[in-house]
Amino acid sequence: MSSVQYMEFDSRYLPAACISFLFFLFLFKFASPKLSKKIFAKYNDLPEASRIDWDTRVNSSVHAVIVSSMCVYAYLYDDELQTNPIWHNSPTVRTECAVVMGYMLADAVIMTIYYKQIGEVFFYFHHAASIYAYYYVVVYGVMTGFANYRLLAEISTPFVNNRYFFDVLGIKKTDPLGFTNGILMTLSFFAVRILVMPIYWMKVYQVYGTEAFLRTGHVQMVLLVTCVVLDIINLFWFYKMLKGVHKVLREWKSTYSKWQPTKDGGKAPRDSSTRNTTWYCNSPYNCNGSQRMVQDKTYYLGLIRGKLNDLNAENARLKKEIENSSEENSSFLTYEKRAESLASEIRDLQGELGDYNTLVDKLTTDEDIQDVEFDLNDLRANNEREAKKIEDLFEVKKEKEDRIRQLETELDQEKRMADNLVNDMDPDMRQKYFALKDMNEHMLRQLEKSQQELDVLNSKIGNLQEELSMSQVKQEAVRLYDQINDLEIQRDNYLEETRNKQSPAEERERLLKQVKEDNQEIASLERQTNELKEKIENIEEEIRQLDLDIEENQGERNQKYKELKKREETIDEFLNNFEESKGQEMEKLKQTEQNIVSLLEHTSRNMSRFTALPTPQELGTMKEDLEFKTGEMKKSEQTTVGLAAESDKLQSDLQKVEQLEEKINTELAMLKEKTATMEKELEIYSDLSSLKEEAEKKRRKLMDDRVSLQRRRDTFKKTMQQLTSKYEGMKAQLNENETFVQLGNLEKKWQHHEQNNFVMKEFINTKTMECDYRAISKRVSSVISDFNTILQKQMAGKTSM
């Protein structure tokens with residue numbers, strides 16, 4: 001049976017997998033190489049394959065730290081993972097499984113790209129099994145407890161990667177750091193990958209065959225087959241790890257067996273001579289290799305001098321580099337300052353040049369200087385108006401802030417006055433006030449408690465509905481009950497119709513009356529629709545008339561606005577078509593250059609024929625014209641660029657002003673509402689005498705109610721005592737009556753029989769549904785009848801013998 005039909009597809013955690021995939025690709029490609037180059041100098045000397053392997057192991061360590069931290073947190077603080085490891089919906093576990101999926105996909109992609117350097121088929125099987133297993137946890141929220149338990153294995157991954165890092169950095173396995181890491185790697189690997197296997201399979205055995213386990217369907221394969229594959233892989237790795245540990249221990253033993261303790265606490269070779277010139281090695285890690293065993297004082301002095309010379313040369317080189325870098329930095333800083341000043345001057349000059357180009361364009365287009373001045377004055381006036389509006393808005397904002405501060409102080413004063421009023425109350429009234437306040441808090445707590453109980457009941461209803469949706473038998477029962485209710489309703493309707501059935505003449509009269517009423521209602525609705533249409537036409541006519549009046553009233557301003565709008569459209573059209581027109585002009589320029597070249601060639605060929613050549617003055621004027629035209633073309637290009645930038649700047653300023661206006665409007669509306677409420681409250685609290693009178697009236701009324709309620713309480717107590725005594729007497733009499741006892745016993749037997757009857761009815765109904773042969777009998781009867789008809793036709797077609 002498929003399990004997906006019982007689960008709800010949830011894609012909320014898939015973005016976490018995508019983010020994890022992109023993060024680990026970024027870490028591999030950019031972050032790890034940069035950090036490794038800065039921290040480890042030996043990283044730069046590694047070949048390409050080793051650097052790729054290094055970066056993938058950095059990815060693996062980071063992934064292991066993130067996932068193992070989340071696993072330990074979920075294991076310690078989510079207790080339901082232990083009680084319900086299959087169907088508990090844990091957001092922490094689903095998020096960590098999404099991180100694992102993203103990392104596995106990223107590592108598979110990296111292995112595919114660099115397959116020649118780090119590719120291994122074994123890892124593809126491991127990644128495929130992991131992604132297949134954790135997909136169901138992420139998407140359907142199933143097997144969360146088992147997934148979290150298996151992911152605890154990532155605790156050992158950083159120690160495994162550290163062994164590779166130590167090998168690359170030259171730290172031997174027999175060194176204390178390498179040896180400690182190897183021991184921790186083996187112990188952690190055994191604890192979180194090997195030792196947990198029997199515990200895991202014991203948990204699987206405990207849930208195997210339960211209802212929760214059977215509901216998972218084919219997802220059971222994730223719990224069984226995938227984990228078997230991963231356990232086989234872990235056992236294989238642990239076998240290789242044990243071989244490596246055995247090898248390291250042998251090297252460690254052999255290294256220490258070559259040395260004997262000396263008088264000064266060091267170690268010396270067992271077979272060396274005991275002369276004054278004996279060579280001692282105080283470190284058991286760096287004494288391998290072919291060196292001479294007897295070395296004198298001059299040898300060590302030569303080594304020290306050589307080392308000192310190397311250090312002096314290196315120190316001089318470093319000083320020279322520092323001086324060069326300081327000079328470069330100083331020159332670079334001066335260059336930066338000079339560049340900033342020049343850039344600011346260029347921006348100012350570009351603005352002035354744009355203004356001059358705009359003025360030249362206006363003059364070259366035969367536009368009157370008065371129109372230019374008018375536009376300038378109009379823009380200046382608009383700028384002044386906008387600046388004044390902004391200043392007014394800031395002033396209004398400042399006034400509102402002052403008003404808010406004043407209202408806050410007034411509110412504080414009112415609160416203090418209210419506290420003083422409470423303190424000035426009579427002790428009884430104050431006690432009553434605090435009692436009512438405590439009662440209010442108690443009622444609020446009860447309301448919160450009731451709300452929590454309601455939430456619990458709603459969750460129970462949801463769980464029951466979910467359980468009902470997962471059971472086909474219950475769904476079928478509900479469907480049959482609904483069908484029975486529908487049939488009963490139809491039966492009641494048919495019976496009601498048969499009871500209310502009248503003679504044909506009465507039915508005809510009733511129908512005619514109904515038709516007349518419907519016709520009258522339709523006619524009234526048509527009249528209403530016609531009236532509404534007339535109203536709509538009148539309103540539209542009024543709107544058209546108002547538009548005409550507005551257009552007539554606005555007059556010259558509209559005309560000026562239309563001209564400005566048309567000019568802006570032409571500028572926008574020019575900016576939009578600038579690239580296209582520029583390309584066309586460049587093509588024309590190339591064509592013109594070709595024509596000029598051809599004309600020059602033609603001129604050179606015909607030089608002998610023509611004696612009248614241009615004079616040097618004419619040639620100079622032609623060159624000046626050419627330079628002027630090229631300068632004008634460059635100016636036009638700069639003008640278009642400046643206009644485009646200015647347009648963008650004005651658009652952004654307009655958007656900012658509109659946003660500021662919207663924000664101020666909303667703040668004004670909120671402040672108006674606050675001031676209105678505060679004014680109402682001030683009107684109420686300003687009249688202290690009326691408040692005191694109302695409080696006094698309420699106190700008197702409550703005291704009267706208290707007296708009357710006390711009287712009613714006393715009377716109720718008396719009546720309750722009388723009724724309880726009467727009830728106890730009647731109860732004692734009934735208990736002494738044999739008939740009552742027999743009836744009680746019979747009632748219990750009757751309830752027991754009713755329960756048995758209900759169970760038997762359910763059993764009979766289920767068996768009846770299972771053994772319903774009527775549909776099969778009908779189908780068999782129809783098949784037999786069809787077969788008989790076919791047989792009769794065939795027999796009728798044959799001639800009798």
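Predicted model: local features only at pLDDT ≥ 70, side-chain atom pairs only at ≥ 80, totals over all residues.
Figure 1. Helix α4 covers residues 91-113 and helix α6 covers residues 121-140. Their axes come within 9 Å and cross at roughly 150°. Angles over 145 degrees count as roughly antiparallel, so α4 is roughly antiparallel to α6. The crossing of this pair is left-handed. Two packed helices are described by the angle between their axes and the distance between the axes.

**Figure 2. Packing of helices α2 and α8.** Helix α8 spans residues 157-169, and its axis comes within 9 Å of the axis of α2. The two axes cross at roughly 150°. It follows that α2 is roughly antiparallel to α8. The handedness of the α2 and α8 crossing is left-handed.

**Figure 3. A nonpolar surface patch that includes Tyr 75.** The patch has an area of about 610 Å². Val 72, Tyr 73, Tyr 75, Leu 76, Tyr 77 and Ile 155 make it up. Tyr 75 is placed in helix α2, which runs over residues 48-77. The relative accessible area of Tyr 75 is 35%, and the residue is therefore partly exposed. This value also meets the patch requirement of over 30% relative accessible area.

**Figure 4. The salt bridge between Arg 57 and Asp 53.** Side chains of opposite charge can pair when their charged atoms come close. For Arg 57 and Asp 53, the closest N and O atoms are 3.3 Å apart. Both residues belong to helix α2, where they are four residues apart, so about one helical turn separates them. Arg 57 has a relative accessible area of 23% and is partly exposed.

**Figure 5. The salt bridge between Asp 402 and Arg 405.** The N to O distance between these two side chains is 2.2 Å. Asp 402 and Arg 405 are three residues apart in helix α14, which spans residues 369-424, and are therefore separated by about one helical turn. Asp 402 is partly exposed, at a relative accessible area of 34%. Arg 405 also counts as partly exposed, with 47% relative accessibility.

**Figure 6. The salt bridge between Lys 701 and Asp 705.** The side chains meet at 3.5 Å, N to O. The limit for a salt bridge is 4 Å, so this pair is counted. Helix α21, residues 688-736, holds both partners; they are four residues apart, which puts about one helical turn between them. Lys 701 counts as exposed, because its relative accessibility is 54% and exposed means over 50%. Asp 705, at 29% relative accessibility, counts as partly exposed.

**Figure 7. A network of salt bridges linking Asp 10, Arg 12 and Arg 94.** For the model, the count comes to nine salt bridges.

Figure 8. Most residues other than glycine have a negative phi, and most peptide bonds are trans. Met 143, although not a glycine, has a positive phi of about 65°. Its relative accessible area is 4%, so Met 143 is buried.

**Figure 9. The approach of Ala 16 and Val 99.** In sequence, Ala 16 and Val 99 are 83 residues apart, while in space their C-alpha atoms are 6.5 Å apart. Ala 16 lies in helix α1, which comprises residues 14-39. With 24% relative accessibility, Ala 16 counts as partly exposed.

**Figure 10. The approach of Asp 231 and Ile 194.** The C-alpha atoms of Asp 231 and Ile 194 are separated by 8.0 Å. Along the chain, the two residues are 37 residues apart. Asp 231 has its place in helix α12, residues 220-257. Asp 231 counts as buried because its relative accessibility is 6% and buried means under 20%.

How values were computed:
Residues numbered from 1 in each chain as written. Heavy atoms only, no water. Patch = residues over 30% accessible without salt bridge, like charges linked within 9 Å, V, L, I, M, F, W, Y side chains within 5 Å. Areas by Shrake-Rupley, 256 points an atom, 1.4 Å probe, with all protein chains shown as cover. Helix = DSSP H or I, 4+ residues; strand = E, 2+ residues; numbered from the N terminus. Buried < 20%, exposed > 50% of the residue type's maximum accessible area, 1.4 Å probe, protein only. Axes fitted to C-alpha atoms, helices over the stretch in contact; angles between N-to-C directions. Parallel < 35°, antiparallel > 145°, perpendicular 65-115°, else oblique. Left-handed = near helix turned anticlockwise from the far one by under 90°.
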